Amino acid sequence: MAEAQAIALCSWKDCKHAATHHFRWEWGDEGNVCESCIALMNQAADQLARKFITTPLNPAAESPLTRSERTQLIAARLSAEAEADEIKLRSHQLYTQNVDLSSQVQTLKMREREHAGQMDAKESENERLAEALEKRERELAEATNEVQRLTTLLEFKPAEETSRVGAQRGLEGQKRGKGPTSPPAAPPAAPPAPEG
Ligand SMILES: [Zn+2]
């Protein structure tokens with residue numbers, strides 16, 4: 001019943017609506033009045049050329065939230081919570097992805113080092129083979145030179161043996177350390193140079 005008594009009723013004429021303000025005329029008359037009756041009281045005050053003051057009955061009562069305001073706030077809070085959960089989830093997913101990517105990077109780095117090591121081994125193997133090849137090429141060049149020399153010697157000897165004029169003498173001449181049999185014919189004498 002205390003709550004019911006706390007609800008003041010409008011005392012303006014026979015209004016009886018819930019009062020929102022306390023009023024006091026300048027001559028001391030006072031009471032409670034509802035929002036809509038304040039306008040009527042103002043008209044009366046103008047006609048009477050008198051004044052009254054009003055004070056809100058329960059200032060604290062104005063601040064409590066209405067049902068729809070509460071509903072809106074709750075909805076907004078739920079929405080914000082849902083959003084926060086979503087962000088947390090997303091953040092967790094990103095963290096997981098990050099961990100995953102980090103481990104992939106580690107694996108790739110490891111493979112890279114492995115490959116680098118293999119490449120080094122292959123490079124030194126290649127160098128070794130290149131050196132061996134170079135050595136073989138030098139040997140081949142030397143062998144080729146030797147073959148060339150022997151071939152030249154062999155070609156030189158048949159040229160003497162197949163000489164049509166006195167092959168035997170030629171051989172004898174070679175034994176004596178002389179040149180081939182017949183000396184080449186003397187070149188024809190040059191024509192006299194014109195005088196003057
Ligand atoms: Zn009223």
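Visitor: Why is A49 called exposed in this model?

Guide: In this predicted model, A49 has 6 other C-beta atoms within 10 Å, and a residue counts as exposed if it has 12 or fewer, so A49 is exposed. The place of A49 is in the loop between α2 (35-48) and β3 (52-56).

Visitor: What makes the phi of A49 worth a remark?

Guide: Most residues other than glycine have a negative phi. A49, although not a glycine, has a positive phi of about 60°.

Visitor: How do you know whether K16 is buried or exposed?

Guide: K16 has 11 C-beta neighbours inside 10 Å, and because the limit for an exposed residue is 12 or fewer, K16 counts as exposed. K16 is found in the loop between α1 (2-6) and β1 (21-25), and its phi, near 65°, is a positive value in a residue other than glycine.

Visitor: Which residues does C10 contact, leaving aside its neighbours within four places in sequence, and what makes each of these a contact?

Guide: C10 is in contact with C15, K16, H17, A19, N32, V33, C34 and C37, pairs that qualify because their C-beta atoms lie within 7 Å.

Visitor: Which residues make up the largest nonpolar core, and why is it called a core?

Guide: Seven residues make up the largest nonpolar core, namely C10, W12, A19, F23, V33, C34 and C37; the name applies because such a set consists of buried nonpolar residues joined through C-beta atoms within 7 Å. Of the 196 residues of the protein, 6% count as buried.

How values were computed:
Residues numbered from 1 in each chain as written. Predicted model: local features only at pLDDT ≥ 70, side-chain atom pairs only at ≥ 80, totals over all residues. Buried ≥ 20, exposed ≤ 12 C-beta atoms within 10 Å, placed from the backbone. Contact = placed C-beta atoms within 7 Å. Helix = DSSP H or I, 4+ residues; strand = E, 2+ residues; numbered from the N terminus.
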